[in-house]
Amino acid sequence: MGVSVGVLASGSRGNSTIVQSSTTRILVDAGISCRETFKRMKAAGDDPQALSAILITHEHTDHVSGLLVLARKLKIPVFMTGATHQAWARALRDADGERPELAQLEFFSSGRGFQIGDIGVMPFTIPHDAADPVGFTFRADGMKVAIATDLGYMPPSVRDQLRGCDLLVLESNHDVEMLRVGSYPWSVKQRVMSRVGHLSNAALAEFFATDYDGHASYIVLAHLSEENNHPELARREAEKALSGRRTLLHNRVMLAAQAEPMQPIRF
Ligand SMILES: [Zn+2]
Ligand SMILES: [Zn+2]
């Protein structure tokens with residue numbers, strides 16, 4: 001078996017993705033409860049006990065709410081940056097007065113690659129209003145996969161990381177017009193739209209139309225807003241931008257959902 005990627009949950013109520021090679025299984029973010037994570041893995045025929053490690057992109061609740069329980073139950077290493085760990089521990093301590101303990105904690109730094117089993121992991125900085133937020137690329141069995149959600153815009157440094165990928169999981173958070181006229185308070189709208197907020201359908205389409213190298217077989221649209229987006233709107237905008245690039249062959253567009261896991265994509 002080669003590489004497979006399965007999004008267990010995606011959106012502002014919880015994010016969790018499994019990247020797996022023939023020997024190694026990584027849970028990227030732990031934003032749904034332990035019970036729900038196990039349930040969704042089992043439904044996909046996956047054994048939670050076979051997970052090798054948990055990787056955290058940033059400390060926002062929708063990426064870490066299941067972390068403590070998952071780490072305790074599975075007894076596997078948790079990887080995050082030092083600044084993310086500080087912010088995460090501070091937030092939890094503020095809530096319960098006690099500092100949360102992770103038995104196996106490993107720190108990484110943005111821009112410095114490391115290895116988990118036979119998967120090469122490269123964390124890269126993304127513009128988002130968290131302590132030290134990152135996206136990841138993964139390399140195993142000759143394939144390259146990227147995950148980049150929770151970013152206010154797409155700087156050149158991120159576009160560089162997305163080159164040569166066989167599978168992209170990218171944020172397509174909101175339709176700008178829906179957000180503008182929607183029910184969010186103005187302060188929240190401003191946050192989402194800011195350079196450290198979330199990526200709009202249009203901003204992602206701009207990347208597809210200009211800088212994208214067209215290499216991927218699959219593109220998964222992720223972290224869609226339930227309030228300010230429609231899956232079909234996001235898909236249409238992405239496909240339109242991609243179809244303008246006549247040299248592209250594959251680039252099948254798929255949607256990650258909040259309520260149910262996506263069928264894993266296998267190479
Ligand atoms: Zn976030
Ligand atoms: Zn998020």
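At a relative accessibility of 18%, F114 counts as buried. In this predicted model, F114 is joined with F108 in an aromatic pair that is stacked, with 5.3 Å between the ring centres and 20° between the planes. F108 has a relative accessible area of 5%. Because residues under 20% are classed as buried, F108 falls into the buried class, and F114, at 18%, does so as well.

F79, F108, F114, F136 and F138 together make up one aromatic cluster. In total, eight aromatic pairs are counted in the structure. Another of the aromatic pairs is formed by F207 and Y212, whose ring centres lie 5.7 Å apart. The planes of F207 and Y212 stand at 50° to each other, and the pair is classed as tilted. F207 and Y212 are both buried. An aromatic ring also takes part in a contact with a charged residue: R195 is placed over the face of Y153, at a distance of 3.6 Å from the ring centre.

Three cavities of 30 Å³ or more are present in the structure. The largest cavity holds about 90 Å³ of space. Its lining consists of 13 residues, and those that lie nearest the centre of the largest cavity are N15, T17, D29, I147 and T149. The elements that contribute two or more residues to this lining are β1 (4-9) and β2 (16-20). By class, the lining of the largest cavity comprises six nonpolar residues, six polar residues and one charged residue.

The second largest cavity has a volume of about 80 Å³. This cavity is lined by 13 residues, of which G6, I18, A44, D46 and P264 are the closest to its centre. Strands β1 and β2 each provide at least two residues of the lining of the second largest cavity. The greatest contribution to that lining comes from β1, which supplies four residues. The lining of the second largest cavity is made up of eight nonpolar, three polar and two charged residues.

Conventions
Residues are numbered from 1 along each chain as its sequence is written. Chains are lettered from A and ligands numbered from 1 in the order in which they are written. This is a predicted model: local features need pLDDT of at least 70, side-chain atom pairs count only at pLDDT 80 or more; totals for chains, interfaces and linings use all residues. Side-chain values use heavy atoms; hydrogens and water are left out. On a 1 Å grid over the protein atoms alone, a cavity is a set of points where a 1.4 Å probe fits but cannot get out, and a pocket is an open set with protein on both sides within 12 Å along at least five of seven lines; lining residues have an atom within 4 Å of a point. Grid points are joined across faces, edges and corners, and a volume is the space filled by probe spheres set on the points. Ala, Val, Leu, Ile, Met, Phe, Trp, Tyr, Cys and Pro count as nonpolar, Asp, Glu, Lys and Arg as charged, and the others, Gly among them, as polar. Rings of Phe, Tyr and Trp (its six-membered ring) pair if their centres lie within 6.5 Å; planes under 30 degrees apart count as stacked, over 60 as edge-to-face and the rest as tilted. Buried means under 20% relative accessible area, exposed over 50%, partly exposed in between (1.4 Å probe, protein chains only). A charge sits over a ring if NZ of Lys or CZ of Arg is within 6 Å of the ring centre and within 35 degrees of the ring normal.
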